[in-house]
Amino acid sequence: MATATTHSTGHSNGEVNYINEFKGLKSWLTSLDHKRIGLMYMISVLFFFLVGGIFAILLRLELFKPGAQFLTPDQYNQVMTYHGAIMVFMVIIPGIPAILGNFFLPIQIGAKDVAFPRLNLASWYIFMLGAFIAVATLFVGKVDTGWTFYTPYSIKTASAATMMVVAAFIMGMSSILTGLNFIVTVHKLRAPGMTMYRIPLFIWAIYSTAVLQILATPVLGITLMLLAMERTFGVGIFDPKLGGDPVLFQHFFWFYSHPAVYIMILPAMGVVSELIAAFSRKTIFGYTAIAYSSIGIAVVSFFVWGHHMFVSGQSEIAGIVFSFITMLVGVPTAIKMFNWLATLYKGNISFESPMLFALGFLFLFAIGGVTGIMLATIATDVHFHDTYFVVAHFHYVMVGGTLMALMGGFYYWFPKMFGKMYNETLARITFVLIFIGFNVTFFPQFILGAMGMPRRYFDYIPAYEYLNSISTVGSWLIASGFLLSLYVIVTGIRCGEKAPSNPWGAKTLEWQTSSPPPHMNFEVEPIVTAGPYEYK
Amino acid sequence: MSINSSDTNHSHSHDSHLAHHFKNAEHQFESAKQGIWLFMVTEILMFGGLFVGYSIFHAIYPKMFAEGASHLDWRLGFVNTLVLIFSSYTMAMSIHHLQKNEKSKAVLKLWLTVACGVIFMCIKAYEYSSKFHHGLFPGRYLDVAHVGAEAANLGMYYGFYFCMTGLHGIHVLIGMGLIVWLALRAQKGEFGENYFTPVEGVGIFWHIVDLIWIFLFPLLYLVG
């Protein structure tokens with residue numbers, strides 16, 4: 001076990017902590033404490049999640065029946081764009097790294113803070129500036145391009161696409177700075193005895209994510225800048241009329257945005273590793289394999305972007321190569337999957353709500369992964385391309401994967417973050433609502449896609465009505481699940497029971513300090529003498 | 001506000017620039033340096049996107065790119081290359097002087113670096129205005145009536161020219177602003193052999209900006 005030489009039992013712990021040490025709104029807005037910045041990210045991300053969720057509900061209500069319900073086709077395009085852009089750029093990408101990573105990365109490696117606390121605060125302000133500009137486009141000229149900003153339409157549309165693109169650029173900068181901060185923190189600030197092979201798997205995942213953020217985001221940055229240039233100065237690089245190539249945009253875009261898919265899912269895998277080890281009370285099976293597979297996924301993710309472009313007119317050879325490399329991503333992913341299952345095997349499993357979400361992750365991510373193989377195969381992809389099959393697939397991976405892990409991680413670390421316990425029964429009910437609602441919403445979309453219903457369309461033929469209605473009903477279940485979890489969180493913070501230092505009996509370092517942790521994380525610098533998961 | 005100097009966890013005395021979570025000044029310096037290098041990686045990758053686009057279209061339209069380059073004055077570009085290389089030297093020297101606690105020499109070298117930036121930007125401004133004067137605008141704004149029918153497809157080349165040199169120019173301006181800030185701080189005696197991390201960081205940024213120009217110059221001015 002990771003022995004920390006803290007004497008937290010000795011003195012009256014929990015008296016002064018990072019929440020009550022300084023008071024007033026200004027002390028939060030100028031705080032350099034990574035824990036407070038993590039909470040500030042939490043509030044902003046939850047707010048954007050609510051906004052993006054409202055747009056999602058609007059989409060599903062419009063698609064409840066064939067024909068126009070209450071949106072015009074133009075409004076539908078705008079609602080779809082905002083749902084996608086908000087959920088991707090403001091919820092799923094920053095979600096786990098910016099909230100849980102910020103909060104727990106320094107504590108899990110026994111550091112007092114991240115390497116550059118001021119830069120960390122600046123990242124939050126840059127993120128909020130970008131998010132503010134993105135939301136402000138709603139009042140300037142609504143964007144209708146979809147979150148991918150594909151040329152040539154994005155060059156021609158009269159909406160505020162330039163502004164939205166600048167907003168995404170700014171949020172990308174925030175993502176880069178956070179990643180950079182995490183890498184230096186992991187390299188330079190580990191506690192004595194905390195070797196790279198003793199850092200928790202969540203840190204390995206966040207670290208791999210940070211590498212991706214640094215290597216991929218700048219390419220998206222320049223791509224979006226070129227799109228903005230194209231719209232304002234007509235530079236001609238993506239405009240076929242001037243000799244440019246609109247497909248080049250897709251190459252550039254997916255060279256970032258495919259790795260970005262792993263920026264979304266790798267942190268989730270890290271959270272799940274923590275949850276499975278903690279709630280099986282068992283040493284994690286294949287620590288190094290899980291750690292290296294994170295790096296493996298990060299590396300391979302740079303060579304697979306072409307699978308978004310099977311039908312874009314790229315050469316057949318390119319298609320075959322991209323198809324093959326895409327399937328290679330399945331190898332490190334499967335390594336993780338099997339290691340988690342092997343950890344569960346003969347483990348002393350307890351089904352607390354974080355564990356339920358972790359198991360939900362395994363189930364949903366398996367479905368998302370297997371359908372990913374179907375889409376990686378050129379022959380089947382040509383049929384499924386731009387249908388609801390794709391929509392269902394990426395929702396299973398991104399929502400079923402990332403959001404399940406975010407919820408699980410959130411419940412798991414809630415006692416540490418706030419020093420309170422939440423209502424366990426209600427938390428389990430939120431899992432049931434979200435899990436069932438999720439499958440009711442998105443499973444029918446696989447069938448709809450296989451039947452040929454195209455994505456991004458405002459209307460559909462009556463043959464698709466039955467499954468679409470089921471899907472819309474499912475979206476209400478998900479929404480009620482998330483609203484209930486908001487209630488659980490708020491009542492937990494307001495009037496939950498006081499949490500002990502280590503309610504789950506977990507072994508990683510953050511549980512060795514008091515709940516909530518003091519301003520400097522530990523009373524005495526911890527000295528690490530063993531790996532993170534030595535339960536037996 | 002989070003730097004709590006009465007922190008009981010530290011037994012050693014506090015350097016005024018040492019943040020609470022680092023062991024010592026050297027530890028902090030190395031971390032800062034790693035951070036700035038990682039940031040430089042992202043800068044290079046961002047320009048990398050432009051370089052990739054440039055090489056793709058250069059391969060497709062070699063004649064257009066050769067013709068575009070022929071409209072640029074390579075002598076001006078060459079002078080600018082020398083100016084930037086010299087400014088890298090003065091930047092490096094300023095750190096050298098700080099390490100020896102030679103404050104006034106370091107300050108002079110920093111202002112010389114800024115002066116080089118000014119010269120670079122003046123030459124750039126002259127080049128831009130003469131291009132505009134001849135109707136050489138990017139993409140669809142190319143003044144075909146002015147440049148003549150034989151040069152009617154230069155729009156894309158100048159799209160790249162203005163994007164690449166423009167983005168580079170913005171970096172030079174940011175660098176100049178940072179160096180002015182350093183020079184003012186150095187004048188007040190804030191840097192010396194014990195603490196020069198900001199100068200080192202900005203120096204690395206400035207060298208990378210120079211390096212990017214050293215790639216831009218042959219690509220834009222000397223092709224064909």
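Student: Let's start with A:Thr151. Where does A:Thr151 lie in chain A?

Tutor: A:Thr151 sits in the loop between α4 (117-140) and α5 (153-156) of chain A. Keep in mind that this is a predicted model.

Student: Is A:Thr151 buried or exposed?

Tutor: Buried, because its relative accessible area is 6%, and the cut-off for buried is under 20%.

Student: What does the backbone oxygen of A:Pro246 lie 2.9 Å from?

Tutor: From a polar atom in the side chain of A:Thr151.

Student: Nice. On to helices: at what angle do α12 and α14 of chain A pack?

Tutor: Helix α12 (residues 353-376) and helix α14 (residues 388-418) of chain A pack at about 160 degrees, and their axes are 8 Å apart. That angle makes α12(A) roughly antiparallel to α14(A).

Student: And is their crossing left-handed or right-handed?

Tutor: The crossing of α12(A) and α14(A) is left-handed. The residues of that contact comprise 17 nonpolar, ten polar and no charged.

Student: What about α3 and α7 of chain A, how do their axes cross?

Tutor: Helix α3 (residues 73-108) and helix α7 (residues 201-233) of chain A cross at roughly 135 degrees, with axes that come within 10 Å. This makes α3(A) oblique to α7(A), and the crossing is left-handed.

Student: Which residues make that contact?

Tutor: From α3(A), they include A:Phe89, A:Ile96, A:Pro97 and A:Leu100, and from α7(A), A:Phe202, A:Ile203 and A:Ile206 are among them. Taken together, the residues of the α3(A) and α7(A) contact split into ten nonpolar, three polar and no charged.

Student: What does B:Trp111 touch, not counting residues up to four places away in sequence?

Tutor: B:Val180, B:Ala183, B:Leu184 and B:Gln187.

Student: And how many residues apart in sequence are B:Trp111 and B:Met176?

Tutor: They are 65 residues apart in sequence, while their C-alpha atoms are 9.5 Å apart in space.

How values were computed. Residues numbered from 1 in each chain as written. Chains lettered and ligands numbered in written order. Predicted model: local features only at pLDDT ≥ 70, side-chain atom pairs only at ≥ 80, totals over all residues. Heavy atoms only, no water. Helix = DSSP H or I, 4+ residues; strand = E, 2+ residues; numbered from the N terminus. Buried < 20%, exposed > 50% of the residue type's maximum accessible area, 1.4 Å probe, protein only. Polar contact = N/O pair within 3.5 Å; in protein donor to acceptor, adjacent residues only side chain to side chain. Axes fitted to C-alpha atoms, helices over the stretch in contact; angles between N-to-C directions. Parallel < 35°, antiparallel > 145°, perpendicular 65-115°, else oblique. Left-handed = near helix turned anticlockwise from the far one by under 90°. Nonpolar A, V, L, I, M, F, W, Y, C, P; charged D, E, K, R; others polar. Contact = heavy atoms within 4.5 Å.
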